[in-house]
Amino acid sequence: MNTDSQQKKWWKNAVFYQIYPRSFADSNGDGIGDLQGIILKLDYLQYLGIDAIWLSPVCKSPQDDNGYDISDYQDIDPMFGTQDDMDMLIKEAKKRNIRIILDLVLNHSSDEHKWFLEAKKSRENPYHDYYIWRDGSEDTVPNDLKAAFGGSAWEWTPETQQYYFHQFSVKQPDLNWENPKLRREIYDMILWWMEKGVGGFRLDVIDQIAKEPDQNITVNGPNLHKYLKELSRETFQKGDLVTVGETWGATVELAKLYSNPDQSELSMIFQFEHICLDQEEGKEKWDLAPLPFLKLKQVMKRWQQELSGKGWNSLFWNNHDLPRIVSRWGEDKDYRIESAKMLAILLHGMQGTPYIYQGEELGMTNAAYEIEDYRDIETKNFYQERLKKGDLKEEIMRSIHAKSRDNARTPMQWNGKKNAGFTEGTPWIKVNPNYNSIHAEDQIKDTNSIFHCYKKLISFRKKHPVFTEGDFQLLLEDDENIFAYERTYKHVKLLVICNFFRKTINNPLATPENTTELLISNYPANEKTILKPYEARMYLIQT
Ligand code: GLC
Ligand code: CA
């Protein structure tokens with residue numbers, strides 16, 4: 001594909017919105033969000049202005065990891081609806097110019113998938129080789145590899161007298177990508193979804209598919225890019241799709257392979273370098289550390305500059321695995337509105353495809369629950385593991401309040417009525433008690449709301465090519481408070497100035513009088529030489 005047609009890719013000036021279906025909108029009162037619930041909210045999303053919905057998994061699943069454990073890739077879990085509901089969602093979204101992006105979990109399946117049920121019957125079973133097995137005896141695991149949700153990555157199976165490999169829970173056995181038959185099944189399944197009219201795919205932990213467990217390689221295995229190229233050739237390249245790979249192990253160099261403009265692999269990836277900065281080095285996300293602000297600026301700059309023309313960035317602060325950004329790097333009490341808008345303005349001026357996670361556009365916050373109120377398998381396992389290790393309960397809860405994935409999974413706050421308007425029944429996870437003051441209904445009416453800030457930012461990306469095309473220059477690199485940058489495209493400059501902290505500071509950046517337009521800001525009036533707490537401004541300058 002030549003550079004020209006690459007330039008015109010629809011997803012380059014698109015804004016995506018992630019829905020975590022079980023927490024978005026419940027249409028039938030069983031306390032769990034569903035596809036019909038999403039359909040009811042499509043007008044809301046159209047009004048916000050987004051182009052595509054990334055839908056976290058809705059396929060059939062025992063829900064050990066909330067759907068990231070799939071037992072049938074070509075069926076919808078009854079909890080979410082039916083295949084007809086899915087067809088209707090695709091159709092109704094299309095009417096509003098919104099594409100549906102499905103979440104493909106290809107690193108592992110559920111242990112209740114028919115492939116695994118067969119595979120574990122015997123070593124001779126035709127599906128045995130769809131998974132990863134090692135001989136051994138019941139009391140000695142093949143090696144020390146650990147699963148992401150705690151414990152060993154190896155699980156004993158009495159039927160075959162073998163261990164199977166799982167990088168996540170024991171109910172998520174890893175698929176064996178070395179097996180061409182398995183790969184073919186996967187491609188056929190993807191082609192089937194493509195025929196149904198989906199707009200693309202998000203690929204769950206895709207950099208973990210090419211593992212070599214005997215060499216302790218779980219991520220970035222030697223065959224990874226070979227598999228990705230084949231996958232792309234056999235499926236995605238046959239349509240006008242967008243693909244985004246979840247890659248916790250990505251470096252900038254690897255990102256150039258994944259998102260090469262020749263489209264031989266993926267459209268873009270989610271990389272996590274910025275999002276992992278506030279943890280102790282070499283430790284787990286739970287081991288909290290202050291955000292190194294100067295480093296954050298350098299990391300963002302590097303990704304912006306290195307991928308320019310050579311790949312494509314995704315832009316995000318949030319997803320269903322991350323705490324709420326306003327509670328994390330903003331301030332969710334006195335300056336919740338200002339800091340939520342600052343973080344939005346900061347991110348949405350950059351080059352790449354922005355992803356908004358449900359409720360982010362309202363400034364939804366973390367929730368601090370008692371341990372009984374958490375539902376996430378990772379959180380619950382972490383709690384038990386650290387208790388066993390002898391850590392103090394208060395310390396463990398501090399980490400959970402800061403980093404639990406359930407922070408993102410509390411029900412969407414639609415209005416100030418019962419259960420925030422999410423369900424008529426009992427929600428599967430508690431609603432954040434602050435729903436009385438933080439909800440969509442209020443914010444839609446108030447043109448100064450966080451919602452309207454996002455809505456404007458989305459519209460700018462459609463209107464001004466500098467958002468998509470402009471190059472990136474970090475300003476005031478060593479400033480300890482200000483995150484400022486400019487983007488330049490032809491005769492237009494986009495200037496973004498953000499005070500990242502809670503104190504009032506001086507603003508050393510001047511803008512030319514006549515040729516400058518203030519596109520957006522998070523204070524009603526701006527004093528030239530001063531930046532108030534979390535103040536953010538975005539200017540368009542003709543040069
Ligand atoms: C990804 C998903 C996460 C899931 C894991 C295993 O990281 O985003 O929610 O638990 O993969 O599928
Ligand atoms: Ca429901």
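Asp-204 places a polar side-chain atom 2.8 Å from an oxygen atom of ligand 1, a polar contact being a pair of N or O atoms within 3.5 Å. Glu-246 does likewise, with a polar side-chain atom 2.8 Å from a ligand 1 oxygen. This is a predicted model, in which local features need pLDDT of at least 70 and side-chain atom pairs pLDDT 80 or more, while totals for chains, interfaces and linings use all residues. Side-chain values use heavy atoms, without hydrogens and water, residues are numbered from 1 along each chain as its sequence is written, and chains are lettered from A and ligands numbered from 1 in the order written.

**Around ligand 1**
- His-320 also has a side-chain N or O atom 2.8 Å from an oxygen atom of ligand 1.
- The protein buries 97% of the 310 Å² that ligand 1 exposes when taken alone (Shrake-Rupley method, 1.4 Å probe).
- Among the 14 residues around ligand 1, the nearest are Asp-65, Asp-204, Glu-246, His-320 and Asp-321 (a heavy atom within 4 Å counts as near).
- The shell around ligand 1 holds seven charged, four nonpolar and three polar residues.

**The calcium ion (ligand 2)**
- Asp-26 (OD), Asn-28 (OD1), Asp-30 (OD), Ile-32 (O) and Asp-34 (OD) coordinate the calcium ion at 2.2 to 2.4 Å.
- Donors are N, O and S atoms within 2.8 Å of the metal (3.2 Å for Na, K and Ca), and sites may look incomplete because water is not among the atoms.
- The donor residues follow the spacing D-x1-N-x1-D-x1-I-x1-D in sequence.
- Asn-28 is exposed, at 52% relative accessible area, whereas Asp-30 is partly exposed at 39% (buried is under 20%, exposed over 50%, partly exposed in between, with a 1.4 Å probe and protein chains only).

Definitions and conventions:
A polar contact is a pair of N or O atoms within 3.5 Å; within protein, one must be able to donate a hydrogen and the other to accept it, and residues adjacent in sequence count only if both atoms are side-chain atoms. Ala, Val, Leu, Ile, Met, Phe, Trp, Tyr, Cys and Pro count as nonpolar, Asp, Glu, Lys and Arg as charged, and the others, Gly among them, as polar.
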